[in-house]
Each structure stands twice: as C-alpha cells, then as structure tokens.
Amino acid sequence: MHRSSFIIRLATIGTEVPRFSNLWTQWELQGYSKITPTFFYYEVTNAFHRYVISGLLTSEEATEALEYILSLEIILHGNASLHRRALNLAQNLTLSAAYDAHYLALAE
C-alpha cells in the first residue's frame, strides 16, 4: 500500500471497508503508537484535493475526511537523522523518490 493510502482509505471508506477500520481499532486496543514522518499531512491533504479535482469526493467529503484524520492520535516525527537515513536508504535501494524511504527509516 502506498505511503498514506491506508489512512486515506480509513477516512474515506472506513465504514464501508471493515478491514481498514478493524485493523485501526485493533492497533488502538493493543496500544500501538501510530507514528509517521512530518510530511504525512501534506500528502493526505494533497490526496484529498486530487480526489475532489477528479470527482471522487465532494469538497465537503474531503474536508470531513481531513478533519477525521486530524483528530486521530498520530505522532509526527522528523529530525535531521531521519532525513539522513532516508536519503541513504533511497540511494541504496535505488528508489525514484525519497518519500517512501522516510517511512522505512522511521520503521527502523
């Protein structure tokens, strides 16, 4: 699943697709921390904007979905060492962009 698409699906179709909402609930019950790189909300906001442009969501639905995501207890993480490691991973794995490497670096 691509970067932030899990959380986007949770917010836009979470009640229609139980596997996303069930997994999120399971993580919360197990006390897992939800951690993401600081650019996460930029990606999510852009995705909702693109959904509106393409007609997949109305402006109101996109706003509602963003508000839902902003209300979740997601911890943002970003510092110099994360970016250094992401660059290293992106180069070692020959990724076309370093965005995904930030998620890998954070997971480490």
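User: At what angle do helix α5 and helix α6 pack?
Analyst: This is a predicted model, and in it helix α5 (residues 80–92) and helix α6 (residues 99–107) pack at an angle of about 115 degrees. Their axes are 8 Å apart, and the crossing is right-handed.
User: Which residues make the contact?
Analyst: On the α5 side you have Leu82, His83, Arg85, Ala86, Leu89 and Ala90. From α6 come Ala101, His102, Leu104, Ala105 and Leu106.
User: How many of those are nonpolar, polar or charged?
Analyst: The residues of that contact split into 8 nonpolar, 2 polar and 1 charged.
User: Let's stay on α5. How far does α5 reach from its first C-alpha to its last?
Analyst: With 13 residues, α5 reaches 18 Å, close to the 18 Å expected at 1.5 Å a residue.
User: And which residues of α5 are buried?
Analyst: Those are Leu82, Ala86, Leu89 and Ala90. They sit on the same side of α5, because they cover an arc of only 100 degrees around the axis.
User: Why do residues three or four places apart point the same way?
Analyst: An α-helix has 3.6 residues a turn, so residues with that spacing point the same way.
User: What covers the buried residues of α5?
Analyst: The cover includes β2 (74–77) and α6.
User: Which exposed residues does the face turned away from the buried side carry?
Analyst: That face of α5 has Arg84, Gln91 and Asn92, and they're exposed.
User: What about Thr94, where is that and what's its phi?
Analyst: Thr94 follows α5, and its phi is positive, near 50 degrees.
User: New topic: where does Thr36 lie?
Analyst: You'll find Thr36 in strand β1, which covers residues 34–37.
User: Is Thr36 buried or exposed?
Analyst: Buried, because its relative accessibility is 5%, and the cut-off for buried is under 20%.
User: Which residues does Thr36 touch?
Analyst: Not counting residues up to four places away in sequence, Thr36 touches Ile74, Ile75, Leu76, His77, Tyr103 and Leu106.
User: Last one, Val44. Which helix is that in?
Analyst: Val44 is in helix α3, residues 40–54. At 0% relative accessibility, Val44 counts as buried.
User: How far apart are the C-alpha atoms of Val44 and Ser33?
Analyst: They're separated by 19 Å, with the two residues 11 residues apart along the chain.

Conventions
Residues are numbered from 1 along each chain as its sequence is written. This is a predicted model: local features need pLDDT of at least 70, side-chain atom pairs count only at pLDDT 80 or more; totals for chains, interfaces and linings use all residues. Side-chain values use heavy atoms; hydrogens and water are left out. Helices (H or I, at least four residues) and strands (E, at least two) are DSSP runs, numbered from the N terminus. Buried means under 20% relative accessible area, exposed over 50%, partly exposed in between (1.4 Å probe, protein chains only). Contact means heavy atoms within 4.5 Å. Axes are lines fitted to C-alpha atoms, for helices over the stretch in contact, and angles run from 0 to 180 degrees between N-to-C directions. A crossing is left-handed if the near helix is turned anticlockwise from the far one by less than a right angle, and right-handed if clockwise. Ala, Val, Leu, Ile, Met, Phe, Trp, Tyr, Cys and Pro count as nonpolar, Asp, Glu, Lys and Arg as charged, and the others, Gly among them, as polar. The expected span of a helix is 1.5 Å times one less than its number of residues. The arc is that of the directions from the helix axis to the C-beta atoms.
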